[in-house]
Amino acid sequence: MFLAAAGGSGGMGGIVMLIALFGLMYFIMIRPEKKRKKEADQMREALKVGDKITTIGGIVGEVCHIKDDNIVIEVGADRVRIELKKWAVSSNDTAAAAAKKAAEDRQAEKARARQEKKNAK
């Protein structure tokens with residue numbers, strides 16, 4: 001009898017708190033993970049021959065052939081070829097370097113524009 005009286009008044013508040021907790025977990029944990037996975041899948045699909053990559057195991061090499069779900073990379077001075085699954089690619093170093101250079105160029109252009117504006121005054 002005592003348990004029924006105590007649980008009856010707080011039942012609705014407990015359900016609302018549980019739903020709020022699941023919503024918070026979705027926005028803090030699940031949504032960002034889905035975004036990272038989507039970006040990684042896009043990076044792997046955008047691989048092309050000649051890209052420098054790093055695998056999840058730390059192997060660094062250059063893509064020399066792309067099949068459906070597999071890639072072949074050349075590693076080291078011996079030009080050893082290794083066939084890997086695309087999911088094993090951790091990063092595309094060529095694309096990352098190009099993105100970094102583009103960001104630096106944009107920043108330099110903004111600095112130049114600011115300097116020209118300052119000199120014009």
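Predicted model: local features only at pLDDT ≥ 70, side-chain atom pairs only at ≥ 80, totals over all residues.
Hi everyone, let's start with Lys-85, which is found in strand β4, residues 80-85. Strands here are DSSP runs of E with at least two residues, helices are runs of H or I with at least four, and both are numbered from the N terminus. Residues are numbered from 1 along each chain as its sequence is written, and side-chain values use heavy atoms, with hydrogens and water left out.

How confident is the predictor? The protein averages a pLDDT of 87, and 92% of the residues score at least 70; pLDDT is the predictor's confidence in each residue, from 0 to 100. Over residues 1-7 the pLDDT is below 50, and this stretch has zero contacts in the model beyond near neighbours in sequence. Contact means heavy atoms within 4.5 Å.

Back to Lys-85. Is Lys-85 buried, partly exposed or exposed? Lys-85 counts as partly exposed because its relative accessibility is 42%; buried means under 20% relative accessible area, exposed means over 50%, and partly exposed is in between, using a 1.4 Å probe and protein chains only. Not counting residues up to four places away in sequence, Lys-85 touches Asp-69 and Asn-70. With Asn-70 there is also a side-chain polar contact of 3.2 Å. By polar contact I mean a pair of N or O atoms within 3.5 Å; within protein, one must be able to donate a hydrogen and the other to accept it, and residues adjacent in sequence count only if both atoms are side-chain atoms.

Next, please find Glu-74 in strand β3, residues 70-75. Glu-74 is buried, because its relative accessible area is 16%. Leaving aside neighbours within four places in sequence, its contacts include Gly-61, Cys-64 and Arg-79. The side chains of Glu-74 and Arg-79 are joined by a polar contact of 3.3 Å.

Now for the strand pairing around β1. Strands β1 (52-55) and β2 (60-66) have a loop between them, and that is the place of Ile-56. The two strands pair in the antiparallel sense over three bridges, where pairing requires that DSSP finds at least two bridges between two strands. Lys-52 stands opposite Glu-62 in β2. Together β1 and β2 form a hairpin with four residues between them, and Gly-58 in the turn has a positive phi of about 95°.

On to β5, residues 89-92, which runs antiparallel to β1 and is joined to it by three bridges. Here Ile-53 stands opposite Asn-92.

Which residues does Ile-56 touch, not counting those up to four places away in sequence? They are Trp-87, Ala-88 and Ser-90. Ile-56 and Ser-90 are 34 residues apart in sequence and 4.9 Å apart in space, C-alpha to C-alpha. Ile-56 counts as exposed because its relative accessibility is 57%.

Helix α2 has 28 residues, 93-120, and at 1.5 Å a residue should span 40 Å, which agrees with its end C-alpha atoms being 40 Å apart. The expected span is 1.5 Å times one less than the number of residues.
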